[in-house]
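This note is meant for someone opening the structure for the opening read, and it goes through the model point by point. Please keep the sequence and the view at hand while reading.

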Amino acid sequence: MPPMRRKGDLPTKICAQCGLPFAWRKKWERVWDEVRYCSDRCRREAKRGGPKDGKG
């Protein structure tokens, strides 16, 4: 079994909608290059054309 990784050692990206950093997740391992948003909420807001500051 490989050694555990600390969350701080995982790759991060900046969310295209809210601008906050988010860390790699196991469920994104095959599509990490395509992931743009930190959550479903940010993805929905981006499609809706919502505010980019994450407020509202």
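1. Leu10 lies in the segment before β1, where strands (E, at least two residues) and helices (H or I, at least four residues) are DSSP runs numbered from the N terminus. Leu10 is buried, with a relative accessible area of 16%; here buried means under 20% relative accessible area, exposed over 50%, and partly exposed in between, with a 1.4 Å probe and protein chains only. Its C-alpha atom is separated by 6.3 Å from that of Ala23, although Leu10 and Ala23 are 13 residues apart along the chain.

2. A word on the basis of these values: this is a predicted model, in which local features need pLDDT of at least 70 and side-chain atom pairs count only at pLDDT 80 or more, while totals for chains, interfaces and linings use all residues. Residues are numbered from 1 along each chain as its sequence is written, and side-chain values use heavy atoms, with hydrogens and water left out.

3. As for the overall layout, the protein has 1 helix and 2 strands, and along the sequence these follow the pattern β-β-α. Of its 56 residues, 25% count as buried.

4. Gly19 is found in the loop between β1 (12-14) and β2 (21-23), and it is partly exposed, with a relative accessible area of 41%. Gly19 and Cys42 are 23 residues apart in sequence, yet their C-alpha atoms are 9.9 Å apart in space.

5. How many disulfides does the structure hold? The count is 0, a disulfide being a pair of cysteine sulfur atoms within 2.5 Å. The closest cysteine sulfur to that of Cys38 is in Cys42, and at 3.7 Å it is too far for a bond; Cys42, for its part, is in no disulfide. Cys38 counts as buried at 19% relative accessibility, and Cys42 counts as buried at 10%.

6. The search for salt bridges, each a side-chain nitrogen of Lys or Arg within 4 Å of a carboxyl oxygen of Asp or Glu, finds 3 in the whole structure. As background, side chains of opposite charge can pair when their charged atoms come close. One of the bridges joins the side chains of Glu29 and Lys26, at 3.1 Å from N to O; Glu29 is partly exposed, with a relative accessible area of 40%, whereas Lys26 is exposed at 57%.

7. Asp40 counts as partly exposed at 47% relative accessibility, and Arg43 is partly exposed at 34%.

8. Phe22 counts as buried at 7% relative accessibility, as does Trp28 at 12%. Phe22, Trp28 and Trp32 form one aromatic cluster.

9. The largest pocket holds about 160 Å³ of space. On a 1 Å grid over the protein atoms alone, a pocket is an open set of points where a 1.4 Å probe fits, with protein on both sides within 12 Å along at least five of seven lines, and lining residues have an atom within 4 Å of a point; the volume is the space filled by probe spheres set on the points, which are joined across faces, edges and corners. Its lining includes Trp28, Cys38, Asp40 and Arg43. The lining residues divide into 4 nonpolar, 1 polar and 6 charged, where Ala, Val, Leu, Ile, Met, Phe, Trp, Tyr, Cys and Pro count as nonpolar, Asp, Glu, Lys and Arg as charged, and the others, Gly among them, as polar.

Conventions:
Phe/Tyr/Trp six-rings, centres within 6.5 Å; stacked < 30°, edge-to-face > 60°.
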